[in-house]
Amino acid sequence: MSSSPVVRVALPTPLRRLFDYRTDPSGVPGDPIGPGMRVRVPFGRQRLIGIAMEVAAGSDIPDERLKPVLEVLDRQPIFDPAALALLAWAADYYHHPIGEVLTAALPKALRLGATLEAREERWLLTPAGAEAAARGEPRRGPRQRALLAALAGGQSLTAAELDRQLGSWREAARALGDRGWLVTVETIPQQAAAPPAATAGGPGPEPNEEQRVAIERVCESLGAFAGFVLHGVTGSGKTEVYLRVVERAMRLGRGALVLVPEIGLTPQLVGRFRQRFPVPMTVLHSALTDPERLLAWREAFSGRARIVLGTRSAVFAPMRDLGVIIVDEEHDTSFKQHEGGFRYSARDLAVVRAQRAGVPVVLGSATPALETLQNVAAGRYTRLVLARRAAAAVPPRLSLVDLRSSAVRAGISTPSVQAIERHLQAGGQVLVFLNRRGYAPTLLCTACGWIAPCRDCDARLTVHLGAARLRCHHCGADSALPERCPQCGFAVKTVGQGTERIEETLTTLFPGVACIRLDRDVVRRRGDLEEAMRRMAAGEARILVGTQMVTKGHDFPNVTLVVVLNADQGFFSTDFRAPERLAQTIVQVAGRAGRGEKAGEVLIQTEFPDHPLLRSLLAEGYDGFARAALSERSQASWPPFSRLAAVRDSAKTAEAALAFLTQARKAAEELRASGSGARFASRAPGRALRLLGPAPAAMAKRAGRYHAQLLVESTDRAALHRFLDAWLPALEALPSARRVRWALDVDPIELF
Ligand code: ADP
Ligand code: ZN
Ligand code: ZN
């Protein structure tokens with residue numbers, strides 16, 4: 001028992017607890033400590049940086065075992081009370097150790113101890129130095145004399161300023177320092193004061209009636225929490241709604257947090273925000289270097305940046321005077337972190353953050369997630385509809401091409417070829433979508449039946465003809481493309497098609513028509529994507545072939561035809577969300593057609609033209625599809641009609657992966673059967689907890705490891721979370737837990 005003051009610290013370790021440290025009043029450098037500040041502490045043989053969570057008068061740990069805080073890194077909390085509370089909530093909800101959650105919310109440089117405020121060194125004269133300068137000293141040393149003169153009159157200069165004025169001066173500075181004439185001080189750089197409430201920069205189009213209603217509804221609730229779903233068909237002008245809402249928030253002296261799926265894919269959105277608002281704006285995304293990310297984070301922390309626009313982890317960005325949160329393309333799966341330790345949904349956390357901050361949140365999409373639509377149905381969110389395209393454009397016409405009854409050449413059916421020809425002749429541009437990169441997904445020997453396999457995955461290697469490589473799209477394995485079968489020596493051939501082969505086919509079919517391809521193989525550097533976009537926008541290229549990349553955010557007014565080459569992968573997956581993804585992709589890519597004045601046409605090639613979900617999508621659009629899909633989910637009791645958590649693991653053998661989860665299941669059953677099981681039973685009958693699995697993943701072997709999963713499902717969220725609270729410590733204590741890598745995923749959105 002210690003009765004001296006201690007600080008409870010969250011440390012980046014997998015242990016689900018705080019750690020007590022002594023705070024000797026006599027001497028922690030950087031004292032005083034307050035909640036939300038970073039501290040450096042001894043931990044075993046290491047020194048770790050953690051976050052002070054609370055200061056307490058005493059501890060259960062005896063004095064002699066308490067170690068002291070070594071250093072306080074911050075003079076003001078890096079997490080304010082609201083941020084700490086939000087992150088504590090997230091740690092609780094996702095059942096992840098608070099120390100790791102806090103760490104995940106900080107840029108790496110700050111985790112490693114970088115200062116919260118940018119610091120700069122400035123040089124200035126001591127009184128003795130000032131006197132020396134006045135006497136014109138030192139007589140023999142022109143550089144030193146020049147330096148004294150430059151600093152005379154009590155002013156201080158930075159290294160950059162001295163470089164500019166004097167050229168080389170550091171040696172002179174050292175000599176003057178030795179004589180006690182010169183000192184350096186560290187200061188926080190003078191920043192331009194945050195500009196006053198912003199006024200709109202460039203003018204935007206006058207909002208149409210639907211946009212006006214949406215803007216009004218959101219703006220009416222500025223200052224209080226409200227959840228809005230901006231359900232606007234592609235091209236309906238959702239961005240204009242965001243811009244106007246943000247503008248209004250800024251007039252009230254508030255800032256905006258805007259989350260987008262992937263910055264690289266939404267350069268137009270970033271551009272429109274920059275153009276509209278002449279205020280500092282910070283962009284946070286995964287392509288930033290660590291120093292860039294630190295700078296961006298500081299801009300937001302200091303309140304200088306009034307708008308923070310970023311991808312997933314930007315949901316944790318510090319904001320002064322938050323006024324509104326916007327999540328664009330809210331259905332996008334990249335908002336869910338599904339790797340690493342702390343697995344969270346940035347969209348869902350954005351809603352919680354808005355709730356706690358008392359500000360509105362706008363979830364925008366042409367294809368809202370079924371969960372989101374169900375939240376609308378349950379009255380939790382208000383749906384705002386933009387049913388018409390903003391500019392003159394009319395909605396595109398969708399039709400199916402039955403692959404079973406059409407001639408197909410290298411993946412492209414005759415009706416599609418004819419349509420492409422027609423649209424090109426009419427002066428339009430064409431977009432061809434195929435969700436598979438590379439030349440062909442299979443390399444086959446027709447003599448012995450050998451198929452190029454990945455050694456480390458349950459997968460085939462993809463042929464990349466241009467690069468003459470065989471690559472695994474799951475583990476990255478990469479080898480030379482063999483000319484003959486390694487088994488029998490016969491010639492090999494490629495089967496199936498990827499974007500590379502489609503590009504080749506289209507180039508042969510339409511000689512003289514410039515065709516560009518867009519996928520991860522061609523877009524490697526920043527700027528590649530912009531260049532492709534520019535060529536399409538300028539009409540230098542007439543056909544664009546690509547993967548998922550072509551479906552997002554771009555606005556090409558002259559694209560009049562979209563061809564979806566293979567719509568079928570989505571209907572036969574083990575993941576109950578696959579049809580939803582497919583429908584979203586089809587609607588999004590179809591939205592690229594006819595954005596300008598000319599009407600658009602969309603052809604969807606399929607071998608299953610009678611699939612009921614595809615039918616409802618074509619006949620009644622996304623709303624009809626969503627109704628049909630939600631009714632299927634309800635019958636099967638899948639989310640949003642139940643809550644899921646997945647425990648996933650991987651091991652060197654399939655047996656080890658299954659063994660841990662089998663024991664995990666047993667532990668769960670014991671918990672349920674024991675006295676405490678009553679706590680997990682729901683008050684409502686028939687809403688008990690279900691355990692599904694364990695089962696090997698659909699692709700069990702990946703990168704040399706075997707993957708498996710165990711699902712826990714309940715229609716009662718509170719019961720599920722009470723169960724997880726009790727179950728996780730039991731899992732951590734299992735001996736087999738140490739033989740696998742495992743993680744819990746609450747609200748998983750990718751099942752396998
Ligand atoms: P979405 O994000 O909903 O797909 P955008 O915001 O990209 O749609 O808008 C599509 C196009 O319509 C853009 O070129 C935009 O400048 C234009 N636009 C938006 N609102 C209006 C409006 N009220 N009047 C005229 N054009 C508009
Ligand atoms: Zn062979
Ligand atoms: Zn592989």
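Modeller: A polar contact is a pair of N or O atoms within 3.5 Å; within protein, one must be able to donate a hydrogen and the other to accept it, and residues adjacent in sequence count only if both atoms are side-chain atoms. The model is predicted: local features need pLDDT of at least 70 and side-chain atom pairs pLDDT 80 or more, while totals for chains, interfaces and linings use all residues. Residues are numbered from 1 along each chain as written, chains are lettered from A and ligands numbered from 1 in the order written, and side-chain values use heavy atoms, without hydrogens and water.

Let us begin with ligand 1. This ligand is surrounded by 17 residues (each with a heavy atom within 4 Å), and the closest are Glu206, Gln211, Gly235, Lys238 and Thr239. The backbone takes part in the contacts: a polar backbone atom of Gly235 is 2.6 Å from an oxygen atom of ligand 1, and a polar backbone atom of Ser236 is 3.3 Å from an oxygen atom of the ligand. On its own, ligand 1 has 570 Å² of accessible area, of which the protein covers 76% (Shrake-Rupley method, 1.4 Å probe). The largest contribution to the shell around ligand 1 comes from helix α9 (residues 238-251), with 3 residues; helices (H or I, at least four residues) and strands (E, at least two) are DSSP runs numbered from the N terminus.

We turn next to the zinc ion that is ligand 2. Its protein donors (N, O and S atoms within 2.8 Å of the metal, or 3.2 Å for Na, K and Ca) are the SG atoms of Cys445, Cys448, Cys485 and Cys488, at 2.2 to 2.4 Å. The arrangement is tetrahedral because the 4 donor atoms subtend angles of 101 to 115°; the term requires all angles to lie between 85 and 135 degrees. In general, the ideal angle for four tetrahedral donors is 109.5 degrees. Along the chain, the donors of ligand 2 have the spacing C-x2-C-x36-C-x2-C. Cys445 is buried, at a relative accessible area of 1%, but Cys488 is partly exposed, at 41% (buried is under 20%, exposed over 50%, partly exposed in between; 1.4 Å probe, protein chains only).

The zinc ion that is ligand 3 is coordinated by the SG atoms of Cys454, Cys457, Cys472 and Cys475, at 2.2 to 2.3 Å. The site of ligand 3 is tetrahedral, with angles of 104 to 113° among its 4 donor atoms. Here the spacing of the donors along the chain is C-x2-C-x14-C-x2-C. Cys454 sits in the loop between β20 and β21 (462-464) and Cys475 in the loop between β22 (469-471) and β23, so this pair ties together parts 21 residues apart in sequence. Of these two residues, Cys454 is buried, with a relative accessible area of 7%, while Cys475 is partly exposed, with 29%.

Terms used
Tetrahedral: all angles 85-135°; square planar, octahedral: opposite > 155°, others 65-115°.
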